[in-house]
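Please keep the sequence and the 3D view open while reading.

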Amino acid sequence: MTTQENNAPETTVRSPATARSILKRSAIVAGAATLSIGLMAGLADNFLNTHGAANAQPIQLSGLQQTQLPSFADVVDRVKPAVVSVRVKAKVVASADENGPAGIEGLPPGHPLERFLRRFGEEGMGPRGPQQPPRAQLSQGSGFFVSQDGYVVTNNHVVANAAEVQLVTDGGKTLSAKVIGTDPRTDLALLKVNESGNYPFVQLAAGKPRTGEWVLAVGNPFGLGGTVTAGIVSAQGRDIGSGPYDDFLQIDAAVNRGNSGGPTFNQRGEVVGVNTAIYSPSGGNVGIAFAIPAATVQSVVEQLKEHGSVARGFIGVQIQPVTAEVADAIGLKDAKGALIAEAQSNGPAAKAGLKRGDTILAVNGEKIADARELSKKIATFAPGTKTSLTIWRDGKEREVSFEVGRQPAA
């Protein structure tokens, strides 16, 4: 061994046999490292196969626990063929505003002579001349098969005044359909494909999803059929002022124009709601959408399929909430129940002796939280059902029996 001078780095000279020994040891070390990497990869692959890559799994990273988001691909593959795009051609008659003022020139609106002239005028004549002929309006939405023989659920507002309905399947096939029945109060409609066949369909969920659960919205936003978006259930029991039976799920999956009537699925591929409305100052998605719960859909669809309409119970009263001030004034301990503001003459409630100022506390022994809950509960009874009410009158409770009436058509 020699050492170079002038502070140069030391250079060691080894024999060929020594060099071969060093290379051999290096190869053994590299092989062990390769084996270690392969073993770790095999363990990771085995873990994913055992636990399922679609499930959320905790990941440790720099001491922080993170969660891997789930994959919805398998669910989408199962449910997407059952979702259709709905195309509607509706007749729209020109309004009075489009033909000029509602009154006949020289006569105030509602004048008896105005009514006479309209009744006996020439057919097709409006206040100032010929009416515009009906024109076709095209609209689109979403829907989904609920039976193998071709029944489809969508929104009432999607098919309102429909003259022609076409469904476009996920595979691109166009099918003609007819409207079996509609329910404006819940904004639901039932369609039936004219062409017989075996269609892919989905099931309605038996119960409500929990707030915070993952959901998928599938539909036809802006005419882009077969679109899937994901989010969670943001809230339950939303009242958006669309009717007396509002009980919407709020979801944050992206829902836009054209998604109306489309389904919202849980991770099992069951329909938990029908998308019907969005909250949006701009008209586009802002993360707040509303879906009709599956339980409501189930009840309405069954009646539409059998009768073409929905029969609801009717009590015949105008009601208002019981505030703390009202409860204190009438001697109620809790501000609960529904205060009768007016009982319609010859209505079921009036015939049973209910009157203004009575407060309904319970139906068939089940307590009522507020006026909204009373409306929803009475609506579930079939017309003609014998029912008892617990009311508060003159500082004490009373029991009143009555026969549920039939709610007038919307």
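## Strand pairing

Valine 233 stands opposite isoleucine 251, a residue of strand E11. The model that shows this pairing is a predicted one. Strand E11 covers residues 248–251 and runs antiparallel to E10, with three bridges joining the two. Another facing pair here is arginine 238 and phenylalanine 248, the latter in E11.

E10, which spans residues 227–238, also pairs with strand E9, residues 214–219. This pairing is antiparallel too and extends over six bridges. Within it, tryptophan 214 has isoleucine 232 of E10 opposite it.

## The barrel

What do these strands build together with others? They belong to a closed barrel of six strands, in the order E9-E10-E11-E14-E13-E12, and the pairing is antiparallel. On average, neighbouring strands of this sheet are turned by 45° against each other, with direction ignored.

## Salt bridges

Side chains of opposite charge can pair when their charged atoms come close. How many salt bridges does the structure hold? The count is twelve.

One of them is formed by aspartate 239 and arginine 372, whose closest N and O atoms are 3.8 Å apart. Aspartate 239 sits in the loop between E10 and E11, while arginine 372 is part of helix H9; the pair links distant parts of the chain, 133 residues apart. Aspartate 239 has a relative accessibility of 44%, so this residue counts as partly exposed. Arginine 372 is partly exposed as well, because its relative accessible area is 27%.

Glutamate 270 and arginine 268 form another salt bridge, with 3.2 Å between the closest N and O atoms. Are these two residues buried, partly exposed or exposed? Glutamate 270 has a relative accessible area of 25% and is therefore partly exposed. Arginine 268, at 58% relative accessibility, counts as exposed.

Glutamate 366 counts as partly exposed because its relative accessibility is 44%.

## The largest pocket

Rolling a probe the size of a water molecule over the atoms shows where empty space is left. The largest pocket has a volume of about 620 Å³. Its lining consists of 30 residues, and the closest to the pocket centre are Thr186, Tyr245, Thr296, Val300 and Arg312.

Which elements each supply at least two residues of this lining? They are strand E13 (271–278), strand E14 (289–293), helix H6 (294–307) and helix H9 (371–379). Strands E13 and E14 are also part of the barrel described above, and helix H9 holds arginine 372. Sorted by class, the lining of the largest pocket has 14 nonpolar residues, eight polar ones and eight charged ones.

Key
Residues numbered from 1 in each chain as written. Predicted model: local features only at pLDDT ≥ 70, side-chain atom pairs only at ≥ 80, totals over all residues. Heavy atoms only, no water. 1 Å grid on protein atoms, 1.4 Å probe; cavity = no way out; pocket = protein on both sides within 12 Å on 5 of 7 lines; lining within 4 Å. Points joined across faces, edges and corners; volume = space filled by probe spheres on them. Helix = DSSP H or I, 4+ residues; strand = E, 2+ residues; numbered from the N terminus. Nonpolar A, V, L, I, M, F, W, Y, C, P; charged D, E, K, R; others polar. Pairing = 2+ DSSP bridges. Salt bridge = Lys/Arg side-chain N within 4 Å of Asp/Glu carboxyl O. Buried < 20%, exposed > 50% of the residue type's maximum accessible area, 1.4 Å probe, protein only. Axes fitted to C-alpha atoms, helices over the stretch in contact; angles between N-to-C directions.
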